[in-house]
Amino acid sequence: MHSSHKRGIMRIMKRGVGVGIGVIIAVILIVGSWLLVRNVHFDVLSPSGEIADQQRNLLIFTLCLSALVVIPVYTMLGMFAWRYSEKNPRSAKTYRPDWHKNTILEIFWWGIPIAMIGILSVVTWQTSHALDPYKRLASDQKTVNVQVIALQWKWLFIYPDYGIATVNQLPVPEKAPIHFNITADAPMSAFWIPALGSQIYAMNGMDSQLNLKANHPGNFGGYSTNINGEGYADMKFTVHAMTKEDFASWTKKAAKSPKTFGMAEFHKLAKPGLEHSEQTYKLGDKKLYSEVLDTMMGMGGMDMSGGKM
Amino acid sequence: MDMLHALIGRMSLDYLPHEPATIGAAIGMPLGLLVVLGLVTYFKKWRYLWNFVTSLDAKKIGIMYIVVAIIMLVRGLSDALMIRAQTAVSVGGHSGPFSTDTFQQVFTAHGTIMIFFVAMGLMFGLINVALPLMLGVRDVAFPWLNSVSFWLFAAGMILCNFSLIFGGFSNGGWLGYPPLTELQYNPGPGVDYWIWSLQIAGVGSLLSGINFFVTIIKCRAPGMTLMKMPIFAWSVLVTTTLLMMAFPILTATLTMLALDRTMGMHFFTSDLGGNPMMYINLIWAWGHPEVYILVMPAFGIFSDVVSTFSRKKIFGYPTMVAALTAIMFFSFIVWQHHFFTMGAGGDVNAFFGIMTAVIAIPTGVKIFNWLFTMYRGRIHFGAAMWWFMAFVFTFTLGGVTGVLMSIPALDFQVHNTLFLVAHFHNVIIGGVVFGFFSGVTYWWPKIFGFKLHEGLGKLSAVLWQLGFLLAFMPLYALGLMGAVRRIDHYTDPSWTPFFIVSAVGVGLICLGVATMILMLFVSLKKRNELLDTTGDPWDGRTLEWATTSPAPEYNFAVLPTVHDRDEWWYRKQHGIKASDDGEIKDITVPKNSALGIYIAVTGGLFSFGVIWHIWWLVAVSFVATVVLIITRVMDDNTERTITADELRQEANV
Amino acid sequence: MNELAARADKTNFGFWIYLMTDMVLFASLFATFMILKDATAGGVSGHDILDPSYALAETIILLTSSVTCGIASAAYRFKKIDLAKILLFVTILLGVSFLTLELHEFIKLATEGNSWQASAFLSGFFTLVATHGLHISIGLIWAITLFYAILQRGADENLTRKVGLFALFWHFLDIVWIFIFAVVYLIGGLS
């Protein structure tokens with residue numbers, strides 16, 4: 001009796017050591033993770049745009065919904081592994097080698113995922129339409145139209161209503177809807193401002209559209225998410241969101257820029273090469289964007305606007 | 001065209017590597033090969049090796065697949081180390097140890113190698129090793145085709161690695177989207193190496209799919225109905241169905257890209273009517289089924305492992321079959337979720353998003369069924385079960401982020417960021433890799449006659465699990481911080497700690513692999529203590545455990561008559577012996593054949609010729625391939641007999 | 001089922017399955033052709049260059065060859081070796097005529113400036129039709145090999161199965177051609 005008691009204690013201690021090590025590792029990981037993310041700004045989780053706000057809420061909702069399945073799964077995994085391990089003397093008593101079906105249980109765990117995915121499907125349908133990049137944003141403020149041409153390896157922004165062209169910088173007024181038309185003269189890239197919301201592909205001969213709105217002034221990073229050659233990592237731009245008044249004075253000044261941007265400058269800019277600086281031009285040709293688009297389209301591309309241009 | 005160029009196409013000395021990393025690889029790889037060849041010569045094993053590689057025995061072919069896959073795992077992991085070494089330091093003005101061009105080739109090679117040569121290799125290896133045995137038959141339906149498949153796979157692998165030495169690899173990512181991979185932006189041979197490695201390996205895979213499918217439908221032991229097969233066999237059935245429907249799409253698409261690049265066509269170019277979006281649709285119509293092709297055999301392995309190690313019938317066998325079938329169907333109608341951001345509109349995006357989320361239902365059901373197989377079992381936590389525990393923990397997490405990304409509006413914020421990279425590594429490592437490691441551990445004794453060292457196996461599982469967490473959890477965070485994928489340098493210093501933690505994680509995974517290699521050597525050295533003397537080391541349930549370990553070339557002297565699911569368990573419970581299956585008679589087995597190797601050589605030369613525009617080589621190797629195939633097809637003398645006496649002698653030994 | 005019959009059964013089944021995968025390959029090419037058929041880059045369209053009556057001639061030739069092939073296969077199975085030889089020979093001749101007509105069309109288009117390099121539409125057209133032509137060529141090599149084997153061996157049980165598989169392949173290519181005729185030449189040519 002005495003020695004089997006000792007063996008039992010040894011067994012529990014061995015498992016205890018194993019569990020203990022596991023707990024220590026878990027604590028290190030959790031504390032380490034907290035330290036790592038403590039002072040970091042997550043554009044997607046703390047956004048500054050109306051679209052990105054809704055996307056962040058969607059993220060949290062989905063994570064919480066998923067927890068309804070994940071937590072029971074992990075709990076059962078741990079419990080069953082502990083309880084029914086052959087090293088656990090109780091497992092010999094509970095052993096049912098031929099128990100392999102139970103309709104009620106199955107209905108339960110078909111039913112719960114079906115219900116959850118049902119909810120998620122409704123949310124998917126609803127948000128796919130509400131947050132469709134092509135959907136214009138409702139607002140009492142005037143929409144700012146920006147035409148974007150992705151190049152190797154820089155971003156060209158055209159403000160047709162203001163007669164301005166910029167490279168790698170995107171000044172916008174806060175709280176006003178910004179409507180983007182996006183194309184490329186480069187291998188496929190993508191236009192993304194995580195702090196403000198959705199990304200969309202920029203493709204030769206296609207016209208993609210995006211609608212975003214900044215909630216407050218600030219400088220937000222813009223990126224390309226699709227590799228388009230050697231300079232791809234440098235294909236960044238900055239959004240300068242500013243007050244309505246500041247934006248108005250910027251547009252007045254920029255429209256009188258000494259340098260003019262027309263088709264000739266475009267061809268020079270479109271040549272593959274890195275370009276890190278932010279530049280501002282007076283727009284020499286109001287139809288520059290459609291001309292570039294038509295040239296690429298005429299070479300055989302397709303109109304992605306679905307007639308909603 | 002002058003004589004020289006007619007002879008050597010566009011080959012030139014300019015295409016030799018000129019960076020330290022690539023020069024190192026270009027010297028190291030042939031050196032490694034020379035060492036191996038030297039060892040074979042020293043130990044006088046050339047005859048043995050030739051008999052092995054020309055064998056049509058599925059078990060030997062399976063071993064070859066697994067060996068190639070493990071070698072490619074080391075190559076793929078070194079690519080991963082290079083990637084993380086770069087990103088750990090390339091912040092602000094600092095450039096990493098590798099040029100941008102090298103970096104882009106490295107991540108392209110990393111993805112290509114891991115999917116096509118490691119994952120597919122392990123998968124085909126394990127199916128070859130286990131499927132005929134568990135179906136109670138001698139071999140697959142078409143053993144010679146099996147050999148051709150393997151050697152085509154090996155030829156693709158060689159071509160892919162050869163690019164390191166001469167010409168460089170593609171820099172367009174593992175799926176090579178045009179127009180970046182078209183001549184306009186990428187005239188060099190790199191993309192062509194990528195196309196043709198995949199093309200050859202893809203043909204091999206397609207033939208394997210047909211082979212295993214016919215094996216399951218037409219070649220099972222007498223009495224084994226479909227609903228009496230082990231779940232692993234069911235998983236192979238649905239996997240091969242997917243394979244047969246998806247891989248022709250890959251063949252067609254790669255061919256069209258090759259035609260664009262080699263014959264000036266305009267399928268996916270930016271001009272003259274080409275449509276890159278068509279490529280993206282086609283490649284993902286293959287690509288999505290591909291990832292289910294990879295993971296479903298892993299699911300099958302876990303069904304057999306959990307059931308065996310819990311000493312219980314699998315919970316809900318018919319449901320498991322239904323779930324596998326449902327996953328198979330749905331994986332065909334979700335491909336668009338890989339490009340929600342291409343602008344298809346709310347209706348299309350929502351449809352594909354919902355279909356994607358729906359796959360989570362049968363997958364979740366399978367997890368519950370595995371858990372309830374453990375319920376009230378008596379679980380032996382061997383290393384194979386440790387991999388299962390790691391799988392449930394890791395794969396569930398990956399499934400959650402998958403469901404997250406299935407919502408188009410959410411995907412808009414994480415597509416092509418490091419969040420996506422973390423997700424797919426999450427499910428591939430957690431599901432595919434852990435599953436195949438579990439399978440290797442489980443079936444190892446059957447193939448080699450001794451078990452793998454348990455302690456080192458468990459240690460490697462722990463290292464992989466920890467390594468995975470450290471390598472990929474930071475990537476989820478980075479994605480949400482705005483870090484996109486495939487960048488070789490960045491400016492925000494707050495990202496660096498995350499990249500460093502990720503590098504440590506990759507280091508841990510490498511330690512895990514090193515532990516596995518150590519486990520191999522230790523197990524070999526200690527094989528007498530780890531010997532499997534009964535052929536049934538795990539108190540197994542299925543027919544592969546009814547043979548000796550290692551199993552004889554012909555698997556069973558007399559094909560067993562099957563009574564029930566988990567037939568071997570049934571036999572042990574009811575005292576049925578092998579002698580009850582009938583009298584030993586003469587059997588025929590395939591003779592060895594070197595034609596598989598030769599066809600792979602001519603296929604490889606064909607591809608090499610296309611890549612380098614050596615047109616005479618293309619013509620000659622095409623003709624040679626046709627001749628070789630005709631030679632085999634018209635040969636009626638391809639089998640040899642093993643007499644009943646020989647079988648009886650072996651049975652008594 | 002004895003072993004020979006079991007082997008024939010699984011080989012037949014396997015070959016049918018292979019044909020299904022080949023069907024998927026053609027389906028991908030068809031889908032691409034359908035998407036790209038209007039991407040003419042300002043150049044010629046199907047209406048301009050495709051002649052349905054020319055294709056009709058090709059179709060009749062191929063259909064006839066399918067008939068001769070089917071009868072040849074049956075004849076060989078019933079040990080009517082001479083009939084089988086003649087019909088197989090005719091099948092090969094008809095196949096060669098089909099290829100000749102197709103090559104003639106290709107060469108004409110290429111030399112007048114409408115090659116596969118001129119537009120996405122033409123790339124799609126040439127690739128789809130030439131892939132079928134490549135399959136026909138391989139089928140002809142197969143047929144010639146079988147013809148030679150029949151000349152050498154006469155009636156042979158192993159050959160019966162192989163002749164049957166060839167016939168299956170040839171019929172399959174005929175069906176694919178019907179689709180090409182309908183989709184490419186009729187719809188594309190008459191639009």
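Welcome! The model is predicted, so to speak of local features pLDDT of at least 70 is needed, side-chain atom pairs count only at pLDDT 80 or more, and totals for chains, interfaces and linings use all residues. Residues are numbered from 1 along each chain as its sequence is written, chains are lettered from A in the order in which they are written, and side-chain values use heavy atoms, leaving out hydrogens and water.

**Where chain A meets chain B**

- Here 88 residues of chain A are in contact with 99 residues of chain B, contact being heavy atoms within 4.5 Å.
- About 8,200 Å² is buried between chain A and chain B, with 70% of it from carbon and sulfur atoms; buried area is the accessible area (1.4 Å probe) that two parts lose on being put together, summed over both.
- Two salt bridges are counted between chain A and chain B, a salt bridge being a side-chain nitrogen of Lys or Arg within 4 Å of a carboxyl oxygen of Asp or Glu.
- Glu86(A) and Arg311(B) pair their side chains in a salt bridge at 3.0 Å, N to O.
- By class, the side of chain A that touches chain B holds 52 nonpolar, 25 polar and eleven charged residues. Ala, Val, Leu, Ile, Met, Phe, Trp, Tyr, Cys and Pro count as nonpolar, Asp, Glu, Lys and Arg as charged, and the others, Gly among them, as polar.

**Where chain C meets chain B**

- Chain C has 37 residues in contact with 36 residues of chain B.
- Together chain C and chain B bury about 2,900 Å², 72% of it on carbon and sulfur atoms.
- Four salt bridges cross this interface of chain C and chain B. α1 (3-36), α5 (120-153) and α6 (157-190) of chain C each supply at least two residues of the side of chain C that touches chain B, and α1(C) gives the largest share, 18 residues. Helices are DSSP runs (H or I, at least four residues), as strands are (E, at least two), numbered from the N terminus.
- On that side of chain C, 18 residues are nonpolar, twelve polar and seven charged.
- One salt bridge joins the side chains of Asp636(B) and Lys162(C) at 3.0 Å, N to O.

**A helix of chain B: α10**

- Helix α10 (residues 317-330) of chain B has 14 residues and reaches 20 Å from its first C-alpha to its last, close to the 20 Å expected at 1.5 Å a residue; the expected span is 1.5 Å times one less than the number of residues.
- Among the buried residues of α10(B) are Tyr317(B), Leu324(B) and Met328(B). Buried means under 20% relative accessible area, exposed over 50%, and partly exposed in between (1.4 Å probe, protein chains only).
- The cover over these buried residues includes α4 (103-130) of chain A, along with α8 (231-263), α9 (276-310) and α11 (346-374) of chain B.

**Salt bridges within chain B**

- Over all chains, a search of the whole structure finds 24 salt bridges.
- Asp57(B) pairs with Lys59(B) at 3.2 Å, N to O, and with Lys60(B) at 4.0 Å, N to O. Lys59(B) is buried at 8% relative accessibility, whereas Lys60(B) is partly exposed at 27%.
- Glu567(B) and Arg571(B) form a salt bridge at 2.8 Å, N to O. Being four residues apart in helix α17 (residues 567-574) of chain B, Glu567(B) and Arg571(B) are separated by about one helical turn.
- Glu567(B) is buried at 3% relative accessibility, and Arg571(B) is buried at 4%.
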